[in-house]
Amino acid sequence: QVNVVESGGGLVQPGGSLRLSCEASGIIFGSNVMGWWRQPPGQQRELVADMYGGGTTRYGDSVKGRFTISRDNKKKSWYLQMNNLKPEDTAVYYCKFSMGGNDYWGQGTQVTASS
């Protein structure tokens, strides 16, 4: 079965950094889309970053220049480096893997940027 597990959330002060990790099992890393989404309190889930099989990336406007998505196909893992965190980045972050027309989600991890 497909399993997706993420880690790395936490509490940081504005301007700080965090690195989120996601690892998938029961999958094949090929021409698949992997990414990160987030859901701020009281808001809908929104795109943070996507990476396509060929390496093309897409970022939400609010995180461009601050967040970077990367992947390691051998480890079946992908990452989100978050720099210069702002209070408005506070949300539950979910990693996502798309395969065979289906989306598989991590359990979510809380990221809080606050003084």
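Strands here are DSSP runs of E of at least two residues, and helices are runs of H or I of at least four, both numbered from the N terminus; by that convention, N73 belongs to the loop between β7 and β8. The structure is a predicted model, and its protein chain contains zero helices and 11 strands, so that the order of elements from the N terminus reads β-β-β-β-β-β-β-β-β-β-β. The radius of gyration of the protein chain is 13 Å, close to the 13 Å that the globule rule gives for 115 residues, and the chain is therefore as compact as a globular protein of that length.

**Overall dimensions, surface and charge**

- The C-alpha trace of the protein chain spans about 40 × 25 × 25 Å when it is taken along its principal axes.
- Of the 115 residues in the protein chain, 40% count as buried, while the chain exposes about 6000 Å², with carbon and sulfur atoms supplying 45% of that area.
- Considering contacts in the protein chain between residues at least 6 apart in sequence, 51% of them join residues at least 24 apart.
- The side chains of the protein chain include 12 positive and 9 negative ones, and the centres of these two sets lie 5 Å apart.

**The nonpolar core**

- The largest nonpolar core has 25 residues, and those with the most contacts inside it are W36, V48, F67, W78, L80, M82 and Y93.
- At least two residues of this core come from each of the strands β3 (18-25), β4 (33-39), β5 (46-51), β7 (67-72), β8 (77-82), β9 (91-99) and β11 (109-113).
- L80, one of the core residues with the most contacts, is in contact with L18, R19, L20, W36, V48, A49, F67, T68, I69 and Y93, once its neighbours within four places in sequence are left aside.

**Strand β6 and Y59**

- Y59 is found in strand β6, which covers residues 57-59, and although Y59 and A49 are 10 residues apart in sequence, their C-alpha atoms are 4.3 Å apart in space.
- Apart from neighbours within four places in sequence, Y59 is in contact with V48, A49, K64, F67, T68 and I69; among them, V48 and F67 are also listed with the residues that have the most contacts inside the largest nonpolar core.

- K96 lies in strand β9 and, despite its charged side chain, counts as buried because its relative accessibility is 11%, where the cut-off for buried is under 20%.
- The C-alpha atoms of K96 and M34 are 5.6 Å apart in space, whereas the two residues are 62 residues apart in sequence.
- Leaving aside neighbours within four places in sequence, the contacts of K96 are V33, M34, G35, W37, W78, D103, Y104 and W105.
- S98 also has its place in strand β9 and is buried, with a relative accessible area of 16%.
- S98 touches N32, V33 and D103 when residues up to four places away in sequence are not counted; V33 and D103 are also among the contacts of K96.

**Strand β2 and L11**

- L11 is found in strand β2, which covers residues 10-12, and it counts as exposed because its relative accessibility is 64%, where the cut-off for exposed is over 50%.
- L11 touches T112 and S114, not counting residues up to four places away in sequence, whereas L11 and G65, which are 54 residues apart in sequence, are 21 Å apart in space from C-alpha to C-alpha.

**Loop residues and backbone angles**

- Most residues other than glycine have a negative phi.
- K76, in the loop between β7 and β8, has a positive phi near 50° and is not a glycine; K76 is partly exposed, with a relative accessible area of 30%.
- N84, in the loop between β8 and β9, likewise has a positive phi, of about 50°, although it is not a glycine, and N84 is partly exposed at a relative accessible area of 40%.
- N73, in the loop between β7 and β8, is partly exposed, with a relative accessible area of 37%.
- N73 and I28 are 45 residues apart in sequence, and their C-alpha atoms are 8.9 Å apart in space.

Notes
Residues are numbered from 1 along each chain as its sequence is written. This is a predicted model: local features need pLDDT of at least 70, side-chain atom pairs count only at pLDDT 80 or more; totals for chains, interfaces and linings use all residues. Side-chain values use heavy atoms; hydrogens and water are left out. The radius of gyration is taken over C-alpha atoms; the globule rule is 2.2 Å times the number of residues to the power 0.38. Buried means under 20% relative accessible area, exposed over 50%, partly exposed in between (1.4 Å probe, protein chains only). Contact means heavy atoms within 4.5 Å. Accessible areas come from the Shrake-Rupley method with a 1.4 Å probe; for residues, only the protein chains shown count as cover. The place of a charge is taken as NZ of Lys, CZ of Arg, CG of Asp or CD of Glu. A nonpolar core is a set of buried Ala, Val, Leu, Ile, Met, Phe, Trp, Tyr and Cys residues joined through side-chain atoms within 4.5 Å.
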